[in-house]
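Take a look at the model below.

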Amino acid sequence: MSEIVHPLHRFIRPSVTHNSFCAGCGDGIIVQSILRAIDGLGMEMDDFVFVSGIGCAAWIPSPLFDADVLHTTHGRPIAFAFGVKMGLPDKKVMVVSGDGDLVAIGGNHLIQNARRNVEMVVICSNNGIYGMTGGQAAPTTPMGVKTTTTPYGTYENAFEDVSGLVIAAGASFVARWTTAHPKQLTNSIKKAIQKKGFAFIEVISQCPIQFGRKTGLGSAVGMMEDHKKRSITMKEAKNLSPEERRGKIVVGDLVDIEKPEVLQEVNKIKNKARGGVE
Amino acid sequence: MSGKRVHTGRYFMMGNVACAEGAIAAGCEFSAGYPITPATEIANHLAERLPPVGGAFFQMEDEISAIAAVIGASWAGKKAMTVTSGPGISLMSENIGFAVSVETPCVIVNVQRGAPSTGMPTIGIQGDMVQAKYGSHGDYEIIALCPSSPQEMFDHTITAFNYAETYRVPVFILSDAFVGHMREEVIIPEPEKIETVYRKIPEQGSDPYIIKGFLSEDVAPMPIFGRGFKANVTSSCHDEVGKRNLIDIPALDKYIRTLSNKILKHKEEITLVERDYEGAEIVLVSYGGVARAAAMAASKAREEGFPVGTLRLITVWPFPGEEIEKMAKKAKHVIVLENNLGQMYPYIKADAAHFAEVSFLPPRLVGEIQDPEDILSKIREVAK
């Protein structure tokens, strides 16, 4: 009898026997969506360099993916990825990390590289909490939620629209989905990989252990159902007043535009400096 | 601007410009930095000189991202460098530890300025000597070189790249505003006379799962990205193949010791000093710009009949304790000269004090180089 092997198993580093995700974590869905997108495009892992930071989601490519993987310091993966991309312009560079890593400690690298419009894919698993360190409040934790560092409830305004921040900074592709939309997410990742520019995907994800359990907001399935129920399309959002839109998750490909990309611009400069035409 | 890497010739050149020329001659293709006095001329010159030779300088959002991008580019196979001053090094410190952990060749130029904190940007002091060695957390070894002239800004930058590539480690150029802004004769040799080194990498086509790309005291081949090596690069405690290990203390011990031993084992090859103390009873020990005042004072003292010599440290890290001991065994008095409150002095004293009297002479005002006359007075005092 032959062994049954998952069709995406060929993308997993052979020495990896297990992952570090808690039962019910949304990161597994993100893993699948990334690998299905790569598979769907007929690409191989050697076409990519993956870069991650610190936190649960940073463990999606490292050590799971059978590719060149750079697991960096907290908040800095996009800055490392910038150097990798400049050194290997023909490779696809993908950053996978969490909201704490990319939006809190690493927020400036996120907005500055969206502004530069450097060709890379950044996937942000946004679970609204610091999971790995034990459920501390993040800038994305909704106001009033009790966490281990806010036992009386968070008293700060939260980032309610991380994608909006990246759009304002100038990214050329931005999409948002929840882990309850794996097929749509996979499609958007495919588009992001093919985009000649900064492509950002926010995935609203569930952390049933550090968020759901501590906040009493429910199980993995409960949280996913809630995310799905609150999801609306951009078209639906347009017809709602700001009041009605509160608490909703606007999903879809939010931005897909063409604009100058930094690598191509640098190549023009090199040509010019050599005495050639721009 | 010519698209040549090496601008052979004889120039009247600023130290910072010579540093940039040295980097390009060494094969630097990628530089990232953030504007800071008194290092800006290096960045400016790299920005002009790199594109015609196929490279580029990138101005980042801060020094944290500058060193991060340099490390990323190095893993992409490029020779890479960042240039900054003390405040920038403070911001880079975490990622410098990352570079040490995952054994990334890179060059970090620190044109030191008046410190602590914002300090006095246009004044050179040797205030970051110990920071270079201990700025990031944990036990580790880096290499640091101290140029004392524009010519050495050129020469040492090439040496720094060669050391970085040979030992897969961040190499510091510890210059200061004094040497960085000094203008002097700089001779740039013919390209074929410049020795350049590129890191060892695994053989193309190697089975990626058995490549031992980390933690060898003899420096493991670097499984750079884009070659199918499937490099698993993490600054968490890891083993020779890069596999993370967060539970075994023996693995942690090996991780810590190997990173340090990799440099210490090759200390003799890395150590560069300038010895001029044959027959001397009093030896002036210094480095960087201060060594110029020491040399002048020694020459004047000899004219007065005092048996005075000099030892100039070019490699300050790994600390050349053996050189200090060798010198101290022949001397009666050792005078340490630095443009700070005595940063290398405790290290020098620890290796010299068993054999000779050791004292420290700071400049009258920190931020000035010692007046050779003050050094002479000190020599007369210890000679009594």
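## A strand on the inside

This is a predicted model. Strand 11 of chain B covers residues 282-287, and six of its six residues are buried, so the strand is largely enclosed by the rest of the structure. On one side, B:Ile282, B:Leu284 and B:Ser286 are buried.

Strand 11 of chain B pairs with strand 12 of chain B, residues 308-313. The pairing is parallel and runs over six bridges. Here B:Ile282 stands opposite B:Val308. Between the two strands, the chain passes through helix 10 of chain B, residues 290-303. This β-α-β crossover is right-handed.

Strand 11 of chain B also pairs with strand 14 of chain B, residues 333-337. This pairing is parallel as well, with four bridges. B:Val283 stands opposite B:Val334 in strand 14 of chain B.

## Where the domains meet

Chain B is divided into domain 1 (9-193) and domain 2 (272-383). Their C-alpha centres lie 26 Å apart. In the contact region, 23 residues of domain 1 of chain B touch 19 residues of domain 2 of chain B.

Which elements give two or more residues to the domain 1 side? They are helix 5 (129-134), strand 6 (143-145), strand 7 (170-176) and helix 7 (177-180) of chain B. Helix 5 of chain B gives the most, with four residues. The residues on the domain 1 side divide into 15 nonpolar, five polar and three charged.

Notes
Residues are numbered from 1 along each chain as its sequence is written. Chains are lettered from A and ligands numbered from 1 in the order in which they are written. This is a predicted model: local features need pLDDT of at least 70, side-chain atom pairs count only at pLDDT 80 or more; totals for chains, interfaces and linings use all residues. A residue is buried if 20 or more other C-beta atoms lie within 10 Å of its own, exposed if 12 or fewer, and partly exposed in between; C-beta atoms are placed from the backbone. Two strands pair if DSSP finds at least two bridges between them. A crossover is right-handed if, with the strands pointing away from the viewer, the path from the first strand over the helix to the second runs clockwise. Domain bounds come from an automatic or database domain assignment. Two residues are in contact if their C-beta atoms, placed from the backbone, lie within 7 Å. Ala, Val, Leu, Ile, Met, Phe, Trp, Tyr, Cys and Pro count as nonpolar, Asp, Glu, Lys and Arg as charged, and the others, Gly among them, as polar.
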